[in-house]
Each structure stands twice: as structure tokens, then as C-alpha cells.
Amino acid sequence: MTEFFEYLNPNDYPEEQRSLVEEFNKKAEEGNKKATDALILVNAQIAENKLTKEKEYIIDAVSSDYLDIFIASPESDSALIFKLEGFVPTGINKEMSKIPYYMGLKGYANDRVVSEDIDYFLECMSVENVKKELEDKNTYEFTYRVHDGNETKFYAAHIVKISDGRDELRTVVGFKNVDQIVADKEEAKKALADALETAQHSNRAKTLFLNNMSHDIRTPMNAIIGFTALAGVHIDNKEQVLEYLKKISKSADHLLSLINDVLDMSRIESGKVKLDEKKTHLPDVLHDLRTILQSSITAKSQELYIDTSNVVDEDIIIDKLRLNQVLLNVVSNAIKYTPNGGIIAIRVIQKACDRSGYAHYEFRIKDNGIGMSEEFKNHIFESFTRERTSTVSGIEGTGLGMAITKNIVDLMGGTIEVNSSKGKGSEFIVNIECRLSGEKVVVGPVPELVGNRALVVDDDVDTCINVSKMLRDVGMRSDWTTSGKESVLRAKDAYESKDEFKVYIIDWQLPDLNGIETVRRIRKVIGNSVPIIIMTAYDWSDIEDEAREAGVTAFVSKPIFLSELRDVLVNPYRAEEMPEKLTGDEDFTGRKILLVEDNELNQEIAKEILTEAGFEVDVASDGDISIEKVRYMTEGQYDIVLMDIQMPRMDGYTATRQIRTLDNPVASTIPIIAMTANAFEEDKRKAFESGMNGFVTKPIDVSKLISVIKEFLE
């Protein structure tokens with residue numbers, strides 16, 4: 001320890017002075033003791049001040065979330081303010097502002113708390129309530145609302161009991177802003193409620209779906225069972241049995257479509273559906289659609305209009321199967337919900353597209369059917385949703401078609417919307433952007449046609465305008481009319497005025513005078529010098545001979561695309577190629593098939609069908625057996641293999657891959673066609689990847705099966 005005063009050595013002084021030296025040393029010792037005590041006191045004070053500051057920093061940090069803090073003694077009606085709205089008027093070692101507990105609370109409540117919550121706030125902060133809440137716990141919290149400028153916000157009061165050994169209740173009270181916390185909780189609560197509502201709606205929809213499906217599945221099943229029984233009773237009446245078989249076939253097709261819808265939706269919801277984008281010729285999509293729909297349109301005596309507008313890019317990259325599925329679902333619904341004699345219109349419009357290398361197409365499908373209510377319109381794209389059950393409406397279905405359509409359109413990156421009014425029909429609008437394939441339709445004038453006149457005759461104004469625009473694009477002068485009789489008068493006037501029409505494009509079905517009769521009358525006026533082209537949305541094979549005799553030069557299918565119009569104008573006299581049709585009497589006598597199928601019933605059905613067509617059929621009941629049969633086959637032993645996919649010991653994919661690696665050159669190149677209930681697009685892709693050549697789905701469509709087999713036998 002440092003000595004403030006030094007001591008004297010008595011031996012250094014004469015004896016007579018030593019008493020004085022001792023007295024000095026005594027005084028020095030007393031001084032040193034007082035100095036040491038003073039130093040200890042000063043150091044202790046410094047340490048205490050430092051600790052106090054640290055405590056203040058800690059408390060300020062811990063209480064930063066709280067805008068108001070005070071120490072309350074409710075029972076003695078007193079409170080010490082520690083912090084008010086971020087301002088700290090007192091420190092730990094400073095005298096705190098002392099206020100009456102109840103007066104302070106009332107002042108705060110009247111100044112800050114919203115009027116509806118004042119009584120609630122004061123009741124929660126009352127001594128009786130605070131004592132009750134803190135009786136068996138140390139903290140208590142409640143929320144209330146305050147004025148914050150022009151806004152109302154949520155605050156929380158947090159009360160903590162102080163255990164300092166006193167009998168009197170003492171607490172620390174803090175008020176803080178919890179507006180965001182409450183908002184987050186409300187949002188989470190709403191999200192939970194929405195999720196619950198969605199789940200409940202889904203459950204209700206699925207329950208309704210099962211009820212509908214119970215009826216819809218039983219209806220065709222009852223027909224199949226009933227007509228099968230009737231066919232057995234009337235087995236000797238060939239015509240009646242054939243009629244029963246037609247009805248059984250129709251019911252089976254409907255039942256299969258119901259099952260396909262359910263399976264398709266299940267796969268979409270599980271995320272297993274992938275797009276298979278390939279080069280697609282848009283006219284093929286529309287012409288195929290027309291062909292598929294024609295029988296349904298004819299059966300209900302409806303009119304089908306299909307036209308295009310501004311379509312200059314005809315070759316695109318898209319999943320053709322899925323695009324076809326979208327259009328078929330929408331148009332089939334239009335046919336289904338439009339009464340007999342109604343009108344279905346399909347219009348394809350190419351719109352401007354901002355994305356380089358892409359084209360924007362709008363497909364509009366409009367009908368004048370029964371329409372739908374505004375309420376149902378908001379739910380039409382939900383799963384298992386139907387406005388009326390088939391029991392009431394007589395229209396069957398799963399309620400999945402539009403949900404499947406919406407999911408596919410979403411998968412393609414497109415949009416679908418609907419406009420509809422009860423009793424006035426519906427219009428579905430599908431917008432999709434597609435990559436272009438790089439091939440361009442030839443545009444611009446055709447030299448040999450420039451300046452020549454053309455006449456378009458169609459009862460649909462949109463078709464007349466669109467075809468006339470195409471004709472102008474190739475350099476022709478185009479007129480149009482919606483009347484067959486007027487077209488004859490115009491032909492006569494043009495002929496007599498020496499400004500003849502050099503080509504006529506006439507619709508087959510006109511309301512006042514059908515297309516063929518119109519052609520006859522025009523030929524009487526102009527002779528055979530110029531081409532007359534019939535355009536139609538129907539199969540013209542039944543009227544081709546009569547049309548040619550009347551003077552028709554060529555046929556063109558609706559909707560007409562620019563490339564097709566240019567082609568028929570440049571070569572109007574070429575023989576029109578009609579799609580080849582199965583005659584049903586092909587003879588495959590002597591041709592040999594290896595049928596690979598494990599199910600005995602399926603074996604029997606397929607064998608019967610193939611034998612009826614003239615084939616000799618050998619059966620392998622599993623994939624491994626088929627390999628051994630093919631391994632040792634001789635040339636001409638089998639012409640083709642029909643391969644099932646799912647079999648107990650070896651599946652069809654594996655069997656095909658192994659056949660393709662066989663040393664026998666005849667065996668390794670034999671055509672193999674998948675014949676399977678695995679009917680999805682990826683199943684088809686896997687079949688081709690394994691080395692198969694064709695693909696046919698079960699249940700077996702006889703004409704389809706024979707058609708595919710025929711491809712590989714020619």
C-alpha cells in the first residue's frame with residue numbers, strides 16, 4: 001500500500017528528540033489510515049457508479065420495446081414513472097416521478113385509449129383484477145386499442161409481480177405497440193380459416209362428386225348389363241341384337257370417358273402430367289377437331305362454324321395432344337349444353353406477341369346453349385363441380401372436365417376465362433403463347449392471280465370477311481355475299497359486264513340455296529371456264545360425286561388457313577385427297593401375330609377380334625415367354641407382336657428391350673405394338689423408348705387396332 005506520509009527513524013535523532021519523533025510517527029500513522037479509508041471510499045463509489053450505469057444500459061435495452069414503464073403499488077394508490085413514450089425522465093439512482101396510480105391510469109386512458117376500450121382497460125388494471133391474475137403466476141398481459149395520430153393501433157399491457165418480501169402488491173407495468181403482431185395473428189387466423197373453408201368446400205365437392213358419380217357410373221353400367229341380358233334373350237333376332245350391341249358400345253364408351261376424367265385429374269393434382277412439346281401444324285389441330293366433333297354435331301342437328309383471323313404462323317411448338325384435349329373439353333361441353341339445332345362457333349385469332357420467337361393465339365368457343373348462373377361461373381374451373389346433377393339436367397359428366405382444362409392451360413402458361421348468361425349461352429376464351437417452329441407461311445401476292453376478281457359465298461359474315469382478306473393478301477379483288485341466290489345474280493352481272501370472277505369460293509350449306517345447287521346455276525351462267533371451290537366444315541365424301549357433276553372443281557375444309565387457300569388457288573384442278581377410310585372388310589388371311597397377354601379374358605377378346613380379321617394368333621402369357629418365342633422364330637413365323645405392358649414376371653418394356661438385342665436379325669426387327677391399359681402420354685413415350693413401333697390402348701377399339709396393325713403390314 002502506498003504511504004501518504006513517511007515515518008522517521010528515532011535512531012537518527014538525539015535521545016532528547018526521540019520523544020518528538022515518536023509523536024510525529026504517531027500523527028503520520030493516523031494520517032495514512034484516514035487517507036487509505038478515503039481512497040477505499042472513493043474507489044467503491046466509482047465502482048458503484050459504473051455498475052449503476054451498466055444497469056441503466058441493460059434496463060434501457062431490455063425495455064426498448066416498451067413505450068411506457070412504471071413501478072406500481074396499486075393497493076397504496078401510487079406509481080413511480082420510469083419511462084414515458086420513449087422519454088426517460090428518471091434514472092435508477094434518481095428520484096422517480098411519483099404519481100397516484102388510479103389518477104395516472106385514468107389520464108392515460110382518456111388521452112390514449114379508444115373510447116370503446118376505456119372501461120375494459122381500467123377494469124383489467126384494477127387492483128382486484130391484477131391481484132386475481134397474479135395470484136398463482138408472476139405475469140399478466142392483455143391487449144387494447146389506442147389512438148396513434150389518425151390511426152387506431154393495438155397495444156399490450158405487460159404486468160410483472162415484484163417479489164421483494166413486502167406484504168403489499170408491487171408490480172412493474174409496461175405498455176408496448178403490438179399492432180403488427182396482432183395483424184400477423186389475424187392474417188394467420190384468416191389463412192387458417194380460408195384453408196379450413198377450402199378443405200370443407202373440397203370435401204363437400206367430393207361428396208357431391210361421389211353422389212353424382214354413383215349415378216353417372218351406374219347409368220351406363222345398367223345399360224351394359226341390361227342390354228347384354230336382352231341380347232341373350234333375343235339371340236335369334238340378329239337386327240335386335242345388333243341394336244343392343246350398339247347401345248352397349250355407346251354406354252361403354254361413356255363409362256370409359258368418365259374413368260379417364262377421374263384418372264386424368266388425379267395425375268394432374270399429383271403433378272405427374274408433363275408437356276410433350278413438338279412441332280405442330282395448327283391447321284391439322286383444327287381439322288382433326290372438326291372431324292372428331294362432326295358426329296356429335298350431326299346427332300344434335302347443330303351448326304358448327306370454325307374460322308380464323310390473322311393467323312399467319314401455322315407451325316408452332318406445343319403439346320398437340322394437350323391442346324387438342326383443351327379444345328375438345330370446351331367444345332364438347334358447348335355441344336352437350338346446347339339444345340338440338342343450336343350453334344357452336346370456334347374462332348382462332350392470332351394476336352400481337354411481345355416475346356420474340358413466339359406467337360399469341362386466342363381460341364374463342366361460343367354457343368347459344370343454356371348458359372350458366374353468375375354464381376356457378378365463379379366455380380366452373382373447380383374440381384368435382386357441376387351446376388346441376390345429371391338426375392335433374394339429364395346431362396351426364398364427372399364435373400372434372402373444366403378443372404382438367406384449366407390445369408392444362410395453366411401448365412401451358414396460358415389463361416382461360418368464361419363469359420356466360422343463364423339461357424343465353426357461353427363463350428370460353430383461351431389464350432396461349434407458343435414457340436414458333438421457324439417455318440413461315442408464304443405470304444404476298446401470287447403473280448398469276450394479281451388483279452383477278454373472286455367471290456366468296458357463305459352465310460357466316462366472319463368467314464366471308466376473313467377469306468376475303470386472305471384473297472386480298474394474294475393480290476385478288478374480293479367480293480362476298482351471304483346468299484346463294486345473290487351469288488348467282490352477281491356471277492351473271494360480272495359475266496355480262498366482262499369483269500368476270502376468276503374463282504368462286506362457296507359454302508356447301510347455305511340457308512336459301514345449298515352450295516351444290518348454287519354451283520349448278522352459276523355454271524349455267526359462266527360455263528366451265530373458272531374454278532369453283534366448295535368450302536365446308538363437314539365430311540364431303542358423301543356428296544363428292546354429286547358436287548363434281550354439278551361443276552365443283554375442288555374442296556377445302558373449314559377453317560381455311562392462308563397456306564391451304566394459296567394451295568387450292570394455285571392448283572384448283574388437282575384431285576382432292578380424301579382421308580383413307582377403313583372399309584371394314586380387309587382380309588389378313590395367312591398373316592401371323594404373337595399376342596403377349598397375361599389376362600385370360602383379354603387373351604380371348606383379342607384373339608377373337610384378330611381371328612375374325614383373318615390372322616393366325618399365337619399367345620404368350622408373359623414377357624419372358626415372348627422373348628423365347630421370338631428368339632427362335634423363323635422368317636415368316638410371326639408378322640407382328642402385340643405386347644401388353646403390365647405382366648407378372650416381366651413387363652412389356654423389358655421384354656421389348658431384350659427382343660431388340662437378340663442375335664436373330666429377323667426377331668430383332670419385328671414390329672412390336674403396345675396394346676395396354678397404360679393409356680397416358682408418358683406410357684406411350686416409354687413404349688417407343690423401349691423399342692416398340694406402335695401404341696394401342698385398352699379397351700380395344702377394333703378399327704383403331706386394325707388400322708395400326710395395317711400400317712406395319714404394308
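This is a predicted model: local features need pLDDT of at least 70, side-chain atom pairs count only at pLDDT 80 or more; totals for chains, interfaces and linings use all residues.
The protein chain contains 22 helices and 23 strands. Of its 714 residues, 44% are buried. Contacts between residues at least 6 apart in sequence were also examined, and 65% of these join residues at least 24 apart.

Side chains of opposite charge can pair when their charged atoms come close. In the present model, 30 salt bridges were identified. One of these joins Lys153 to Asp148, with an N to O distance of 3.4 Å. Asp148 has a relative accessible area of 28% and is therefore classed as partly exposed.

A further salt bridge is formed by Arg435 and Glu277, whose closest N and O atoms lie 3.8 Å apart. This pair connects distant parts of the chain, the two residues being separated by 158 residues. Arg435 belongs to strand β13, which spans residues 425-436, whereas Glu277 is located in the loop between α6 (238-269) and β7 (278-281).

The salt bridge between Glu362 and Arg364 has an N to O distance of 2.7 Å. Here the two partners fall on either side of the 20% limit below which a residue counts as buried. Glu362 is buried, with a relative accessible area of 5%, while Arg364, at 23%, is partly exposed. These two residues also take part in a network of salt bridges, in which Glu362 and Arg364 are linked with Lys351 and Glu427.

The cysteines were considered next. A disulfide is a covalent bond between the sulfur atoms of two cysteines. The count of disulfides in the model is 0. Cys434 is buried, with a relative accessible area of 4%. Cys124 is buried as well, its relative accessible area being 8%.

Attention was then given to the packing of two helices. Two packed helices are described by the angle between their axes and the distance between the axes. Helix α18 (residues 623-631) packs against helix α19 (residues 652-659) with an angle of about 20 degrees and an axis separation of 9 Å. The two helices are therefore roughly parallel, since the angle is under 35 degrees. The crossing of α18 past α19 is right-handed. On the α18 side, the residues in contact are Gly623, Ser626, Ile627 and Val630, and these meet Ala655, Gln658 and Ile659 of α19.

Helix α19 also contains Thr654. The relative accessibility of Thr654 is 23%, and the residue thus counts as partly exposed. Its C-alpha atom is separated by 9.7 Å from that of Gly691, a residue 37 positions away along the chain.

How values were computed: Residues are numbered from 1 along each chain as its sequence is written. Side-chain values use heavy atoms; hydrogens and water are left out. A salt bridge is a side-chain nitrogen of Lys or Arg within 4 Å of a carboxyl oxygen of Asp or Glu. Buried means under 20% relative accessible area, exposed over 50%, partly exposed in between (1.4 Å probe, protein chains only). Helices (H or I, at least four residues) and strands (E, at least two) are DSSP runs, numbered from the N terminus. A disulfide is a pair of cysteine sulfur atoms within 2.5 Å. Axes are lines fitted to C-alpha atoms, for helices over the stretch in contact, and angles run from 0 to 180 degrees between N-to-C directions. Angles under 35 degrees count as roughly parallel, over 145 as roughly antiparallel, 65 to 115 as roughly perpendicular and the rest as oblique. A crossing is left-handed if the near helix is turned anticlockwise from the far one by less than a right angle, and right-handed if clockwise. Contact means heavy atoms within 4.5 Å.
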